Every structure is written in structure tokens, then in C-alpha cells.
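Thanks for coming. I will take one structure today and go through it in a few minutes. Please look at the screen.

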Amino acid sequence: MIAEPVLWALVGLALGLVVVRRRSAGVAVLAAQSLLLGVIAVDHAVTEHGSVPAAVAILVIRGVVLPLVLVQVIRLTREPRRVASERSALLRFVLALAVALVAIGLAPPLGLHDEAAGDAALALVVLGIAVAALRRPVVFQAIGFLVAENGVLLAGLAVSGGLAAIVELGLLVDLVLAVGVAGAFGARIHERFGTSDTSVLRSLRD
């Protein structure tokens, strides 16, 4: 069982990503969430006699390596000013919170070993999608994807016996590839338009 204050902390950090302004601050919040989840994974592996090396890999790659990749993307795509196309922080927060609450309220029981963790996992998936949908910079959209993946991992930890080590490592490979592609995409947009704001792509025509 994962302590409820820890689950609240994971969800609270995801909500913070909906409203935080600076990309660097968003990466820091993601790193904190991923490190906390990594610690949970390591503790779960120890207590449930799972794969400790795989859990440590989750901790290092999710909490350290991927945030460092995003920091490098930020360095390569400096924004001259705040992205103006984003909705207000309050509106983003209200929309994301409402969607998360509705999803949790309407979702049937997931049948997980830890139902509270299941609700938190669903909230992370929904909030991750909300971050990707409501934020315009490519870095924030990559962060939203990672938050949703953190929700999938949390759900896996809530399953009796946890995820198999090979599945966990496979997810990590997918994450590294996805963030790498997002970083290259963001750098290309910045090179072409002078910003990583994805709303500029609406100006493209066949």
C-alpha cells in the first residue's frame, strides 16, 4: 500500500505542471514527481522481492536522465518572451482539475491491489494528457506525456505483484525515444519559427 500523502503529492505535482510558467520550472516539477515515483518503485521492489535493478533504472532514467534531456532542449530553444498563445493559468487549472475529477468519478473500479493508488494513477494519466493538450511549448507537451507514463507506472505498482522487469525496462526505452523525438521536433520548430510554441504550426499550408 502506498501512503495517501505520497499519492496526493504525486497528483499535486501534476496539477502544478498545468499552471507553472517557466519551462525550467516544469522540468524541475517533473523531476521531483519522477524521483518520488522512482523511490516508490525501489521500495516496492525491495518489499515485494521484485527486480531492484529495474526499479533503480526507473529512478535514474525517469528522475535524472530524462529531465536532463529536457533541460538541454530548453538550452537549445531559448524563448525571447512568454508564449502568448497559452490560456490563462487559472483557466488551465480549472479545466484540468475538472476533467480529472470527472474521469475518476466515472471510471469503473480498476480492480487494483491498491484502489487509492489506482485513482491517483488515473488522475496522473488524465492530468498528463491535459498538460499536453493545454500547454503550447513542445517541452511542456513532452512533460505531459511523461506525467501520463508516470500514471501508467503507478498503476503497475498498484497491481498485485507489480509489473514484470522486462515491461518496466521496455517502457523506459520507449520514454527515452519519445523524449528524444520531441526534443528534435522542438528544436526544428524553434529553428524555423524562432519559438517552440506549437501553435505556430497552424500557419503552415500545403
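Start with Arg135, which lies over the face of Phe140, 3.9 Å from the ring centre. A charge counts as over a ring if NZ of Lys or CZ of Arg is within 6 Å of the ring centre and within 35 degrees of the ring normal. Aromatic pairs, by contrast, come to zero; the rule asks for ring centres of Phe, Tyr and Trp (its six-membered ring) within 6.5 Å.

A word on the source. This is a predicted model, where local features need pLDDT of at least 70, side-chain atom pairs count only at pLDDT 80 or more, and totals for chains, interfaces and linings use all residues. Residues are numbered from 1 along each chain as its sequence is written, and side-chain values use heavy atoms, leaving out hydrogens and water.

Now the fold. The protein chain has seven helices and zero strands, taken as DSSP runs (H or I, at least four residues; E, at least two).

What share of the 206 residues is buried? The figure is 43%, with buried meaning under 20% relative accessible area, 1.4 Å probe, protein chains only.

The largest nonpolar core has 44 residues; such a core joins buried Ala, Val, Leu, Ile, Met, Phe, Trp, Tyr and Cys through side-chain atoms within 4.5 Å. Helices H1, H2, H3, H4, H5 and H6 each give two or more residues to this core. Leu154 is among those with the most contacts inside it. Leaving aside residues up to four places away in sequence, Leu154 touches Ile2, Leu37 and Leu124, among others, where contact means heavy atoms within 4.5 Å.

Note on methods. Buried < 20%, exposed > 50% of the residue type's maximum accessible area, 1.4 Å probe, protein only. Phe/Tyr/Trp six-rings, centres within 6.5 Å; stacked < 30°, edge-to-face > 60°.
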